[in-house]
Amino acid sequence: MITDKERFEELCSAYVLNALEGEELREFQQDLIEANPERRNIYDEMRWVALHLPLASEFVEPPSYVKENILRAIQTQPSPRAENMLGKAAKFFGLIKPQVALAVSLALLVIIVGLSYYTFFLREVVRQRDQQLTALQADLSLQRQQFIALQNELTRKEEFLKILQSPKIDVVIMGGLEISPTGYGKIIWDPERKSAILQISNLPPVPKDKDYQLWVIKGQKPVSAGVFSLTDPEKESFFKIDQLVEADKKVISAFAVTLEPKGGVPQPTGKMYLLGKPS
Amino acid sequence: MKRISKKDEKAFETLYDLYSKLIYSLIVSVVKKQDEAEDVLQEIFLQVWEKATTFESTKGNVYAWMVTLARNRAIDRIRSKDFRKQRQEVEDTEIDMMHNPTEKNPLDSLVVGERAEIVKSALQQIPTEQREVIQIAYYGGYSQSEIAAKLNLPLGTVKTRMRQGMRKLQTLLREQL
């Protein structure tokens, strides 16, 4: 409790001018709560004086646009609830001067243009990435096909190898006939498993509606041993025959290849391209 | 204020017309720069619009609220806000709890210009050194110890000058108001 009236006045005059600090401020605030009527009166009087000090300012009329800005700002505030959220932004735009508003507008314009360009740039990047992805997918598909083809080729080679590794194999060479004098063919087969490899080279390309057909001639009777097409006549081609109709070399009088309608026929109808007899 | 708290724009405009000149003048006296004073004035009136619902007439009058708000905002402009809060915080949204709500609004009783002349005259009648410490405290936001350092005076001298100056002002104003 401040016992001295003069000290109370001292603190009070500083308090109403917001010039008190630290311990003195806390002391005075506490004292004010417990102040007697006389001291309350001193406080009220001091405060009354302090509240008159603004009137000593040199009076200046604020520019009219300040009022316009303020009124515009409060009119743009949508609702009390939304006001809480948008208040600061609205206040900011209401407070700025025309020059600043222009600068902000220009800055926003630059940002919008920048964002538009960036959006366009991103779209272009996405489009390019999309194209790259499509190309990669196509490439992957191609590589998958090549992989499958290689796997098939490997399987076929393994099958061929099994035949060639067989302890007992028979071989018949077929030579080209008049229609295909440079034609060449070879049959290698495993009599026990009745599996065979047919090797062909230098035969003419097969028309779309035709196939080459292999025949096993038993005595005088030709028996079909399968049909095949040549994908690349320039290269040597190999075909595997799983179940050779006749594997006994003694019974087989010859092997022949003819050109027949697509899918083959029960009995040969076309011209003979290759012919070979077991030795 | 009740109408303003219900978002009555007309009432708000009336309040602006009544107080803007006084508040603006007070702000200019503190911040010294016109463009900054305009900013602060707009801040204050927008805050009044936003916070009108928090104003309690039982705790004080509009004039006291407005000038307290204006002075605080203006001081914040010239000094850091944290600095003021370390010293003597006066919440913007409420009047000093000890404030007498029945005290007269200086704008009510006399024409503002006439009342202003009385205040100016009273300030001129007190000794310069007393006027100086009061003005530095009120318009500069300085504490007593800061004023002592600024004027290179003992703290006790500043306290005495401030008390005597405020006392004399009270006597002079009470004689005419």
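This is a predicted model: local features need pLDDT of at least 70, side-chain atom pairs count only at pLDDT 80 or more; totals for chains, interfaces and linings use all residues.
Interface first. Chain A puts 56 residues into the contact, and chain B puts in 65. About 6,100 Å² is buried between the two chains. Carbon and sulfur atoms give 60% of that area. On the chain A side, the residues losing the most area to chain B are A:N18, A:W48 and A:L55. Together they make up 12% of what that side buries.

The rule finds 9 salt bridges across the interface of chain A and chain B. One of them pairs B:R167 with A:E9. The closest N and O atoms there are 2.3 Å apart.

Which elements of chain A give two or more residues to the side that touches chain B? Helices 1, 2, 3, 4 and 5. Helix 3 of chain A, residues 37-52, gives the most, with 12 residues. By class, this side of chain A has 31 nonpolar, 9 polar and 16 charged residues.

Next, A:Q213. This residue lies in strand 4 of chain A, residues 210-218. Buried or exposed? A:Q213 counts as buried, because its relative accessibility is 2%, and the cut-off for buried is under 20%.

What does the side chain of A:Q213 reach? The backbone oxygen of A:V265, at 2.9 Å. A:Q213 also makes a side-chain to side-chain polar contact with A:S224, at 2.8 Å. Beyond its neighbours within four places in sequence, A:Q213 is in contact with residues including A:F228, A:V257, A:T258 and A:E260.

Technical notes. Residues are numbered from 1 along each chain as its sequence is written. Chains are lettered from A and ligands numbered from 1 in the order in which they are written. Side-chain values use heavy atoms; hydrogens and water are left out. Contact means heavy atoms within 4.5 Å. Buried area is the accessible area (1.4 Å probe) that two parts lose on being put together, summed over both. A salt bridge is a side-chain nitrogen of Lys or Arg within 4 Å of a carboxyl oxygen of Asp or Glu. Helices (H or I, at least four residues) and strands (E, at least two) are DSSP runs, numbered from the N terminus. Ala, Val, Leu, Ile, Met, Phe, Trp, Tyr, Cys and Pro count as nonpolar, Asp, Glu, Lys and Arg as charged, and the others, Gly among them, as polar. Buried means under 20% relative accessible area, exposed over 50%, partly exposed in between (1.4 Å probe, protein chains only). A polar contact is a pair of N or O atoms within 3.5 Å; within protein, one must be able to donate a hydrogen and the other to accept it, and residues adjacent in sequence count only if both atoms are side-chain atoms.
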